[in-house]
Amino acid sequence: MQKVRKIPQRQCVGCREMKDKKSLIRVVRSPEGEVSLDFVGKKPGRGAYVCRDVECLKRARKSRALERAFDTAIPAEVYDAMEREMGGADD
């Protein structure tokens, strides 16, 4: 009898829905304090998850969810860069 594997679930900080970890994009704050998107999920640092939708990132920006998750202020340029990067990564 084959063992059933659990699928890791994470909560999107934008829409607050629980989804499969692989269907979300990890936003990471590196130990140096740099905030960036992590499409592979392997970068070192503290992570928070956002849907692969620019609207969820905008919602997280409006509610300041990433700033609460990382306990640091995030400049507007970083959000804009993440939106551009996420927009280019959509399939």
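Predicted model: local features only at pLDDT ≥ 70, side-chain atom pairs only at ≥ 80, totals over all residues.
Colleague: Which of the 23 residues in the largest nonpolar core touch the most other members?

Modeller: A nonpolar core is a set of buried Ala, Val, Leu, Ile, Met, Phe, Trp, Tyr and Cys residues joined through side-chain atoms within 4.5 Å. Buried means under 20% relative accessible area, exposed over 50%, and partly exposed in between, with a 1.4 Å probe and protein chains only. In this structure, Val27, Val50, Leu66 and Met82 touch the most other members of the 23-residue core. Two or more residues of this core come from each of β3, β4, β5, α1, α2 and α3. In general, nonpolar side chains tend to be buried together in soluble globular proteins.

Colleague: How many helices and strands does the protein chain have, and in what order do they run?

Modeller: Helices (H or I, at least four residues) and strands (E, at least two) are DSSP runs, numbered from the N terminus. Here there are three helices and five strands, in the order β-β-β-β-β-α-α-α from the N terminus on. The radius of gyration, taken over C-alpha atoms, is compared with a globule rule of 2.2 Å times the number of residues to the power 0.38. The value for the protein chain is 14 Å, close to the 12 Å that the rule gives for 91 residues, so the chain is as compact as a globular protein of that length. Of these 91 residues, 34% count as buried.

Colleague: How many salt bridges does the structure hold?

Modeller: A salt bridge is a side-chain nitrogen of Lys or Arg within 4 Å of a carboxyl oxygen of Asp or Glu. The structure holds six. In one of them, Asp38 pairs with Arg26, with the closest N and O atoms 3.0 Å apart. Asp38 lies in strand β4 (residues 35–38) and Arg26 in strand β3 (residues 24–29), so the pair ties together parts that are twelve residues apart in sequence. Asp38 is buried at 4% relative accessible area, and Arg26 is buried at 10%.

Colleague: Which residues are linked with Arg61 in a network of salt bridges?

Modeller: The network links Arg61, Asp80 and Glu83. Between Arg61 and Glu83 the closest N and O atoms are 3.5 Å apart. This pair links distant parts of the chain, 22 residues apart: Arg61 is in helix α1 (residues 54–63) and Glu83 in helix α3 (residues 76–89). Arg61 is partly exposed at 28%, whereas Glu83 is buried at 18%.

Colleague: Is Glu67 buried or exposed?

Modeller: Glu67 counts as buried, at 14% relative accessibility. This residue lies in helix α2 (residues 65–70) and forms a salt bridge with Arg64 at 2.8 Å, N to O.

Notes
Residues numbered from 1 in each chain as written. Heavy atoms only, no water.
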